[in-house]
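Let us walk through this model by question and answer. Here it is.

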Amino acid sequence: MKKNYNLTLTACYIGYIIQSVVNNLSPLLFARFSTQFGISEIQLTAIVFINFAIQIIVDSTSAIIAMKLGYRLSTIIAQVFSALGLIFLGVLPFVMPPFAGILTATLFMAIGGGFVEVILSPLVEALPLKNKSGAMCFLHSFYCWGHIFVVLSATLFFNLAGIDNWIYLPLILAVIPILNCILFAKCPMVSLEGDKDPMSYKSIFKMKGFLLFAVLMIASGAAEQVIAQWASYFAEVSLNVGKTAGDLLGTCLFAFGMAVSRTVYGFLGDKMNLKAFILGSSLLLTASYLVASLSPTPYVALAGIACGGLFVGIMWPGVYALAGNEFKTGGTKMFGMLALAGDVGCALGPTVSGAISSDIKIGILVSTIYPAVLFVGTLTLITFFKKPKEEQKTLV
């Protein structure tokens, strides 16, 4: 009997929405943390760094854990940690030193988010679907739709209940991962072909071209998160735009642009040249960040932020899809290594931007280096993978 994997896809889509919530809710509250708890920019930068540093640690171990525990239990663990982190964010800053409480909540959310990144992509890759690269981009589009969801939810909540009652928002959002545990407990699952006879990490690193994919993942993560983590603060503090306008015209439109690019590719899939799409997007992304950082007009700068989302959206899932197509035997371990590289970029980008100057504009200007790396790396990839398939897969 042919299995229906729609429930599996739905659970994975919701899982990526949850990952976006745990990654992007706190940045919407950075200005509030600063005024209410006296948390400095360096401490806010530390929150971003700790979030992705923990995800890096999780990425390096969760592939092995997932292969031992299985996808089902691993996905449930991811939802549980995400729910606990959200609950702790609303509670712990008021029962212990605020900065320590926020860091503790960040730790739990990061563990949940790290498991999501390593497990859900190979889980979808393993499903017997047509248009695998499109399915991968469509999956990752839900991270963006989740970002939009959390921005709109927060904006609506703050306008109805007041920013002073922000503590209730993470408690409400914690219901979503709790309910998603039920879907993951019931949906059918399939293992990746490469997991039946898993390669060693040494063999994965020796696959020709794999290190180039890792570099592209680092640049993708850095380019995406430097805006995702700082857009709200950038709008409020650097551009002096009100919180509602800044969140909607900056953070929300950035996420919308990402969602559009990933959803479009998700539908068109193999009809588009993914490498050429990434190449062109990297040039346009550079231009967007230059507009955001150099424009003297706040709303033009916000337009640069918004357009950046449209052009950065394809990067992370696009590199994932290309790697999955080229390295069929990599399995969950390979996706774990790619997620690890991506999260190194996620930690690097916003941390460097926050630490390099008290003016986030300068940090965004410096961040144009990431799309430049994507451009050069993709050109190299196009040249490299003109070689015969047999030569591509030979180990060095």
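Q: Which residue meets D164 in a salt bridge?
A: A salt bridge is a side-chain nitrogen of Lys or Arg within 4 Å of a carboxyl oxygen of Asp or Glu. Here the N to O distance is 2.6 Å. D164 lies in the loop between α6 (132–161) and α7 and its partner in helix α2, so the pair ties together parts 132 residues apart in sequence. The partner of D164 is R32.

Q: What do the residue numbers and the model rest on?
A: Residues are numbered from 1 along each chain as its sequence is written, and side-chain values use heavy atoms, with hydrogens and water left out. This is a predicted model: local features need pLDDT of at least 70, side-chain atom pairs count only at pLDDT 80 or more, and totals for chains, interfaces and linings use all residues.

Q: Is D164 buried or exposed?
A: Buried means under 20% relative accessible area, exposed over 50%, and partly exposed in between (1.4 Å probe, protein chains only). The relative accessible area of D164 is 53%. D164 is therefore exposed.

Q: Which residue forms a salt bridge with R262?
A: The closest N and O atoms are 3.1 Å apart. R262 sits in helix α12 (residues 243–268) and its partner in helix α10, 38 residues apart. The partner is E224.

Q: How many salt bridges are there by this rule?
A: One joins D164 and R32. Another joins R262 and E224. The count comes to two.

Q: Is F30 buried or exposed?
A: F30 lies in helix α2 (residues 30–37). F30 touches L44, I47, V48, Q229, W230 and Y233, not counting residues up to four places away in sequence; contact means heavy atoms within 4.5 Å. Its relative accessibility is 1%, so F30 counts as buried.

Methods:
Helices (H or I, at least four residues) and strands (E, at least two) are DSSP runs, numbered from the N terminus.
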